[in-house]
Amino acid sequence: MDFEGILIRKCAPVSGQSARGQWSKQDLIFELPGDYNRKLCVSFWGDKVQDAAKINEGEKVTVSCNIESREFNGRWYTEVRAWRVQVANTTPAAQPAESPAAYSGGVPPISAPEYSAPSTSPADDIDDLPF
């Protein structure tokens, strides 16, 4: 799964020792733009912690991740684990404006309605508002 988001918080890196050896993890909190901004906590494990350290708060990034749920003692836990992160291009490329004649999409472009100045006649000077 891929998503675009803005980094709003970096949690402190965590490390430890397990039966398999040394491990490290860092959680980053992203805000997903939309009608209702949602927040998503994404975990970076192992060598991906270095990738997470390169991202600055406020940067817009694209994250590729896996979502996994697992059961432990009758409760379910869900983790979003990142496997790739790309910082979005902050300087948008200049694109030529399309002319209506060159448009080939499925829906025609919306043109602005023509504006005509309101008429000024003696009948328009009467204030007939009820308040």
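Two strands count as paired if DSSP finds at least two bridges between them. On that basis, Glu4 stands opposite Thr62 in β5, and β1 and β5 run antiparallel, joined by five bridges. The model is predicted. Its secondary structure comes to one helix and six strands, in the order β-β-β-β-α-β-β along the sequence.

**Overall figures**

- The protein has 131 residues, of which 20% are buried.
- Its accessible surface comes to about 10700 Å², and carbon and sulfur atoms hold 53% of that area.
- Among contacts with a separation of 6 or more, 45% are between residues 24 or more positions apart.

**Strand pairing**

- Strand β1 pairs with β3 as well, in the antiparallel sense and over four bridges; here Lys10 stands opposite Leu28 in β3.
- Strand β3, residues 21-32, also pairs with strand β2, residues 14-18; this pairing is antiparallel and has five bridges.

**Nonpolar core**

- The largest nonpolar core has 15 residues. Phe3, Leu28, Phe30, Val42, Phe44 and Val63 are the residues with the most contacts inside this core.
- At least two residues of this core come from each of β1 (2-10), β3, β4 (38-45), β5 (60-72) and β6 (75-87).
- Leaving aside residues up to four places away in sequence, Phe3 touches Phe30, Leu32, Leu40, Val42, Val61, Thr62, Val63 and Cys65.

**Aromatic pairs**

- A pair of aromatic rings is described by the distance of the centres and the angle of the planes.
- The count of aromatic pairs comes to two.
- Phe3 and Phe30 form an edge-to-face pair, at 5.8 Å centre to centre and with 75 degrees between the planes. The Phe3–Phe30 pair links distant parts of the chain, with Phe3 in strand β1 and Phe30 in strand β3, 27 residues apart. Both Phe3 and Phe30 are buried.
- The rings of Trp23 and Trp45 have centres 5.8 Å apart and planes at 45 degrees, so this pair is tilted. Planes under 30 degrees apart would count as stacked and those over 60 as edge-to-face. The Trp23–Trp45 pair also links distant parts of the chain: Trp23 lies in strand β3 and Trp45 in strand β4, 22 residues apart.
- Trp23 has a relative accessible area of 30% and is therefore partly exposed. Trp45 is partly exposed too, because its relative accessibility is 25%. The partly exposed class lies between the buried limit, under 20%, and the exposed limit, over 50%.

**Loop between β5 and β6**

- Asn73 is placed in the loop between β5 and β6.
- The phi angle of Asn73 is near 55 degrees, which is a positive value in a residue other than glycine.
- Asn73 counts as exposed because its relative accessibility is 66%.

Methods
Residues numbered from 1 in each chain as written. Predicted model: local features only at pLDDT ≥ 70, side-chain atom pairs only at ≥ 80, totals over all residues. Heavy atoms only, no water. Core = buried A, V, L, I, M, F, W, Y, C linked by side-chain atoms within 4.5 Å. Buried < 20%, exposed > 50% of the residue type's maximum accessible area, 1.4 Å probe, protein only. Contact = heavy atoms within 4.5 Å. Areas by Shrake-Rupley, 256 points an atom, 1.4 Å probe, with all protein chains shown as cover. Phe/Tyr/Trp six-rings, centres within 6.5 Å; stacked < 30°, edge-to-face > 60°.
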